[in-house]
Amino acid sequence: MIAAQAKLVYHLNKYYNEKCQSRKAAIAKTIREVCKVVSDVLKEVEVQEPRFISSLSEMDNRFEGLEVISPTEFEVVLYLNQMGVFNFVDDGSIPGCAVLKLSDGRKRSMSLWVEFITASGYLSARKIRSRFQTLVAQAVDKCSYRDVVKMVADTSEVKLRIRDRYVVQITPAFKCTGIWPRSAAHWPLPHIPWPGPNRVAEVKAEGFNLLSKECYSLNGKQSSAESDAWVLQFAEAENRLLLGGCRKKCLSVLKALRDRHLELPGQPLNNYHMKTLVSYECEKHPRESDWDENCLGDRLNGILLQLISCLQCRRCPHYFLPNLDLFQGKPHSALENAAKQTWRLAREILTNPKSLEKL
């Protein structure tokens, strides 16, 4: 048993060093290329409208606010200034979303975003995004990369297609630190010893973002109040949870396997599903010793089996907001197909670790 486990860990480490590291290097190169273009477009936006100041900056070889969705798809979060006169309201009526409401009607004129405030006092995510989209479209025509970049049509999101190879979504957002959403108040679960009080304090201090993007939990049935809502995002908090042990290595292996074998019609699975399931696995195996390097094989198997279960039940709850289903709106046939493919993959890895050389 121990020999089989050691063999699996050996092949997983080899897979990580060969496939995952080359994947990371290729993506890092793409990010540099993509960020040059995005920075240029955002510089033009800023010239037209100084309220949209580019916050895309590089720190320690990573770009602040950039999320990799897949090797060809990225999201850049553009942090806006001055949320001050608004109250953050998340009453759970729209899963995964919250609204920003004027704290006092008399403060309307004090807001930097006065023309985007609705009659009922909400700061409209949709109106801000619509204005931003117009500015980006104008900037694309003026920027020095205009030959290689164009806007993606037929969406209310702000998306750029670069060199016909990459898609980058640019999402206006507010950073919320020092508060924690009511809809995530159940976390951490009282009976689970992970992640421990110090890490919990760090995660909550990290806060969350409010993004101006389409709220997928509504699946096209948006009322105007709902399209004014902002989407909750916990990227930095989630990254902090995955520090230590082989957690990040495990996620890297899952992402590489997804890119190579689970990029399927209907796009049932993305990197974020993998990240979410690693967090759930951390709760199931709360001791640090469960995440030693020699446990990598066990953890990976556990996550793949959990993924199959989620795909078969057609439900994958968001880690911090369990009322939000990350499979919402995905075609059932695509989820079934992904379950079969994941099962094939898991069985192959478990019964023949050497197969990782070909996977």
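Visitor: Which residues of S5 are on its covered face, and which are on the uncovered one?

Guide: Phe86 and Phe88 make up the covered face of S5, whereas Asn87 and Val89 make up the uncovered one. Before going on, note that this is a predicted model, in which local features need pLDDT of at least 70 and side-chain atom pairs count only at pLDDT 80 or more, while totals for chains, interfaces and linings use all residues. Residues are numbered from 1 along each chain as its sequence is written, and side-chain values use heavy atoms, with hydrogens and water left out.

Visitor: How are strands and helices assigned here?

Guide: They are DSSP runs numbered from the N terminus, with helices being H or I over at least four residues and strands being E over at least two.

Visitor: OK, and how many bridges does S5 share with S6?

Guide: Strand S5 (residues 86-89) and S6 pair in the antiparallel sense over four bridges, where pairing requires that DSSP finds at least two bridges between the strands. Within S6, Leu102 is the bridge partner of Phe86, and Leu100 is the bridge partner of Phe88.

Visitor: Which strand does S6 join through two bridges?

Guide: That is strand S11 (residues 230-233), which runs antiparallel to S6 and is joined to it by two bridges; Ala98 stands opposite Trp230 of S11.

Visitor: Is S6 mostly covered or uncovered?

Guide: Strand S6 (residues 97-102) is mostly covered, with five of its six residues buried. Buried means under 20% relative accessible area, exposed means over 50%, and partly exposed is in between, using a 1.4 Å probe and protein chains only.

Visitor: Let's go to the core. Which members of the largest one touch the most others?

Guide: Leu123 and Phe320 do, in a largest nonpolar core of 103 residues. Helix H1 (residues 2-48) gives the most to this core, with 14 residues. Apart from it lies another core, of 10 residues, which includes Tyr79, Ile94, Val99 and Leu211. A nonpolar core here is a set of buried Ala, Val, Leu, Ile, Met, Phe, Trp, Tyr and Cys residues joined through side-chain atoms within 4.5 Å.

Visitor: What is Leu123 in contact with?

Guide: Leaving aside neighbours within four places in sequence, Leu123 is in contact, meaning heavy atoms within 4.5 Å, with Phe86, Leu100, Trp113, Phe116, Ile117, Ile128, Phe174, Asp228 and Trp230. Phe86 was on the covered face of S5, and Trp230 was the residue opposite Ala98.

Visitor: New topic. How many cavities of 30 Å³ or more does a search find?

Guide: Three are found in the whole structure. On a 1 Å grid over the protein atoms alone, a cavity is a set of points where a 1.4 Å probe fits but cannot get out, and lining residues have an atom within 4 Å of a point.

Visitor: Last topic, the backbone. Which peptide bond has omega near 0°?

Guide: The bond from Trp187 to Pro188 is cis, with omega near 0°, and the bond from Trp194 to Pro195 is cis too, with omega near 5°. Pro188 is found in the loop between strand S9 (166-176) and helix H3 (197-206), and Pro195 lies in the loop between S9 and H3.

Visitor: And what is phi at Arg163?

Guide: It is near 50°, a positive value in a residue other than glycine. Arg163 lies in the loop between strand S8 (159-162) and S9, and is partly exposed, with a relative accessible area of 31%.

Technical notes:
On a 1 Å grid over the protein atoms alone, a cavity is a set of points where a 1.4 Å probe fits but cannot get out, and a pocket is an open set with protein on both sides within 12 Å along at least five of seven lines; lining residues have an atom within 4 Å of a point. Grid points are joined across faces, edges and corners, and a volume is the space filled by probe spheres set on the points.
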